[in-house]
Every structure is written in structure tokens, then in C-alpha cells.
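User: I would like to go through a model with you, one topic at a time. Could you put it up, please?
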Amino acid sequence: MNRGYLSVKVIRRTAMALISGAVLLASNPAQSQTVSNDMGFDLQEQLTIPLNRSLQREARNEADVLLRLGGEAKRQENLQKAIAYWQQALDLYQKIGDFEGQGLAYNYIGLTYADLGRFAQAEESLRRRLGVARFLQDFQGQIYALNNVGTVLLQSNDLDAAQESFTEALTIARTVGDREGEGLSLSNLGLVAARAGDYLEAIKQYKAAITLRRRLGDPLGEANTRNNLGDAYFAIASYKDAIGSYRYTLQLAQDSQDIPNQFRALRGLAKSYSIIGPDLLAIRYLNKHLALAQEQESLSRELVTLRLFAEFYLARGNVPKAKQFYEQAIALANAIGETQQEALLRNQLAQLLYDRGD
């Protein structure tokens, strides 16, 4: 294989990081279901495909390359192209009976369909990934596949099915002693409870997950769950507890250079201090959010900051300042092609000016 390409073994060793990042996807209506028995027969048939070793090796190398090209396309936010590459890789893995490769391809395809909001296709691909893990008796693969299926169901707002999927993952994790999978499943069960409005139950699940994730030395997972915990405290107006959770998360995320969780914690802190004060701290964290967005060259997050500034000043009756930030946000939304955001911001500014009588 060309040395410039990652082998599928290297890709597979790094797959868990991608999978764990997917857990925070949310989800839509789809009935909970088991993988069709037909899949087992299909997989068995693939074992008997006659291929000589050189052709098999060549096909596997080509599939590995396609898997990597799909990852590069996704990083460039070309999601349809990424899916096309992974589908080609999947076809090759199926031809040679490489089930581990099939599982990865199904997983990547499913998560990317979820990013596109195509939840039925996402669920189908992720359930196929689950079928592969079950066929191979890969318990860790089942735990993560069930969490990803549950995540898509959560995005689809099918809370009962999502809870069933996460609970099954938790049961397997506890049975085989997979503490990482247990922490992940508990955190996701907290998300289901929060989505259902049962924030006290969500807090209970998050705290149990945090204990495991801290013990395992998983700063990314811990930061993610601590941000969720902060959100739950915020939802029940326990703002001091929310601030405590967000501040701990921010430090943890900074230490591990976890940029997404830094943004979430900064927004949580800004929103919490906007309610209980002092305003200077709310402004400080909004400025930190803006500085991080500019440092990361993330115009979409810079746009979020400008909108939050506008809303902050509007809530304080400082119309000139609010108008200034709305205008900046509108200009940026227009520049980066965020048409829906631009329309929303224009409506908010128009309402502001109408209320003021301009």
C-alpha cells in the first residue's frame, strides 16, 4: 500500500474518537427495531466469495484509500462526496468479506447522513453497523453502534426508542465491564431525560457518567457531559450550579485543547451571568467566545457571538448597542451565505426598530 495512505488498521484504531464525537448528535421518529435476520445470511454468503489473495489485497487497499478520502471530504464539509467515497469502500469490503471495514463504512455513512438531517438513512446505516458487530460478537462495537443509533433516534425526537437503544448499550457495557461504554451510555440517557424535561433525572445520569469518565481519564467525554450537566442546571434555573459546571468544563477543555467544548462552556457562562449578573462577567465571556472564534477562524461561531451580544444589550434596553451588533451580525451572515440566519436577524432588527418607533 502507498505509504501516503492510512491503512485501515490505523483508521480503525482512531475510529472510536469519531464515534464518541457522534454521540451528541440528536434524533427523529423511527421505531426501535432489531437488525433483520437477512443480514446474517448476507454476511455469511460474503465469507464464501472466491477471491485470490492478490486481488483481495488489492481490493482492500483500494477500499482503505476510499475510506481515507471520505474522511478528507468530510473535513472539507463535502458530505455528499464523503458518503460516495465510503459507499464505494463499503462495496469493496463486502466483496472481500471484510466485516471490520464494512462496520466502519456503515458507521461513517450513518453519522454523515445524520449531519445532513437524513435520519431514516442514518438509522438504516447505523443499524447495519450494529448488525455487523452482532454477527462478529463484537461487544464494544455493539455498545457504540447502539449509542449512535440512539443518538439518531434522539435527533428524530423518538425518545422512547432512543432510551431503549441507550439502555441496551448500558446493559451490554455493564455485562462486559466496559466502563467507557458505560459512561457514554449514561451520558446519553441523561440527554433523553433532559429532552423529556426530566432535568433531575438527567442530572443524576450525568453525575454518574462524570464519575466514570473522570476515573477513566477521558477529558473529552467528561467535558461533554459536564456541559450537558450545566445545561440541565440552567434549565431548572439553578444558575450558580450551572456556572460551577461550565467553569470546570472550560478549564478541562482548555487543558485538553477541546475547542468545541470550550465554545459550549463559554456560551453557558455568558448566558448564566446574563441572568444573575454581574453584566461585566457576561460581557467578559462573550468577548472570550468572540476571541476564540476569531482565533479558530470560525465565522459561523463569530456570527453566534454577535447575535448573543445583540440579545444581551437588547435585554438591557440598550437599543443603540443592540442595533449595532444586529447590523454586524447581518453583514457577516450575508458574507458567509447564512441566508436563514440573515433573514432571522433582519426580522429581529426590524422588530426592535418598530418597537422603538423608528
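User: Is Gly221 buried or exposed?
Analyst: Gly221 counts as buried, because its relative accessibility is 7% and the cut-off for buried is under 20%. Please bear in mind that this is a predicted model.
User: Which helix does Gly221 lie in?
Analyst: Gly221 belongs to helix 12, which covers residues 219–235.
User: And how far is the C-alpha atom of Gly221 from that of Ala209?
Analyst: The separation between these two C-alpha atoms is 8.9 Å, and the residues are 12 apart along the chain.
User: Staying with helix 12, at what angle does its axis cross that of helix 13?
Analyst: The crossing angle is roughly 160 degrees, and the two axes come within 8 Å. Helix 13 comprises residues 239–255. Since angles over 145 degrees count as roughly antiparallel, helix 12 is roughly antiparallel to helix 13.
User: Is the crossing of helix 12 and helix 13 left-handed or right-handed?
Analyst: Helix 12 passes helix 13 in a left-handed crossing.
User: Now to helix 14 and helix 15: how do their axes cross?
Analyst: The axes of helix 14 (residues 259–276) and helix 15 (residues 279–295) cross at roughly 155 degrees and come within 8 Å. Helix 14 is therefore roughly antiparallel to helix 15. The crossing of helix 14 with helix 15 is left-handed.
User: What meets what there?
Analyst: Helix 14 contributes residues including Ile259, Phe263, Leu266, Arg267 and Tyr273, which face a set in helix 15 including Leu281, Tyr285, Lys288, His289 and Leu292. The contact of helix 14 with helix 15 comprises 12 nonpolar, 3 polar and 2 charged residues.
User: Let us turn to the whole protein. How many helices and strands?
Analyst: There are 18 helices and 0 strands.
User: What percentage of the residues is buried?
Analyst: Of the 358 residues in the protein, 49% are buried.
User: What about the accessible surface?
Analyst: The accessible surface of the protein is about 17,800 Å², and carbon and sulfur atoms account for 48% of that area.
User: Finally, what share of the contacts is between residues 24 or more positions apart?
Analyst: Among contacts with a separation of 6 or more, 60% are between residues 24 or more positions apart.

Methods: Residues are numbered from 1 along each chain as its sequence is written. This is a predicted model: local features need pLDDT of at least 70, side-chain atom pairs count only at pLDDT 80 or more; totals for chains, interfaces and linings use all residues. Side-chain values use heavy atoms; hydrogens and water are left out. Axes are lines fitted to C-alpha atoms, for helices over the stretch in contact, and angles run from 0 to 180 degrees between N-to-C directions. Helices (H or I, at least four residues) and strands (E, at least two) are DSSP runs, numbered from the N terminus. Angles under 35 degrees count as roughly parallel, over 145 as roughly antiparallel, 65 to 115 as roughly perpendicular and the rest as oblique. A crossing is left-handed if the near helix is turned anticlockwise from the far one by less than a right angle, and right-handed if clockwise. Contact means heavy atoms within 4.5 Å. Ala, Val, Leu, Ile, Met, Phe, Trp, Tyr, Cys and Pro count as nonpolar, Asp, Glu, Lys and Arg as charged, and the others, Gly among them, as polar. Buried means under 20% relative accessible area, exposed over 50%, partly exposed in between (1.4 Å probe, protein chains only). Accessible areas come from the Shrake-Rupley method with a 1.4 Å probe; for residues, only the protein chains shown count as cover.
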